[in-house]
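Work through the two exercises below with the sequence and the model side by side, trying each task before reading its solution.

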Amino acid sequence: ETERSEETVGGPIVPPPPSELDRLYKLARMGNMKRIRDRAADLEGLGSQYVPFARKLQALARGFKDRAILAFIQQYLSEEESP
């Protein structure tokens with residue numbers, strides 16, 4: 001049953017470009033959940049590959065889980081920085 005939850009998200013999580021991650025990270029640090037939800041909606045429009053990332057972000061923002069959002073974004077920020 002654990003695979004089922006993966007399917008509902010719609011596939012592997014592909015992070016948006018680093019500039020977008022930076023913007024989202026700053027919004028999360030300010031605790032601006034509405035702006036995060038708006039950006040996540042914009043991300044879905046950028047490409048279907050970003051939909052799983054955007055949906056997870058929206059779910060966290062709806063729950064006002066700012067720490068979880070920071071941790072979620074941070075894992076992709078650190079991936080971008082590694083050579």
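**Exercise 1. Trace the salt bridges that involve R39, and describe where their partners lie.**

Step 1. The side chains of R39 and E20 meet in a salt bridge, with N and O 2.9 Å apart, where a salt bridge is a side-chain nitrogen of Lys or Arg within 4 Å of a carboxyl oxygen of Asp or Glu. This is a predicted model in which local features need pLDDT of at least 70 and side-chain atom pairs count only at pLDDT 80 or more, while totals for chains, interfaces and linings use all residues. Residues are numbered from 1 along each chain as its sequence is written, and side-chain values use heavy atoms, leaving out hydrogens and water.

Step 2. Because R39 lies in helix α3 and E20 in helix α2, the pair ties together parts that are 19 residues apart in sequence; helices are DSSP runs (H or I, at least four residues), numbered from the N terminus.

Step 3. R39 also forms a salt bridge with D42, at 3.9 Å between the closest N and O atoms, and these two residues of helix α3 are separated by about one helical turn. Through shared partners, salt bridges join E20, R23, R39 and D42 into one network.

**Exercise 2. Decide whether E20, D42 and K34 are buried, partly exposed or exposed.**

Step 1. Apply the cut-offs for relative accessible area: buried is under 20%, exposed is over 50%, and partly exposed is in between (1.4 Å probe, protein chains only).

Step 2. E20, at 7%, is buried, D42 is partly exposed at 45%, and K34 is exposed at 52%.
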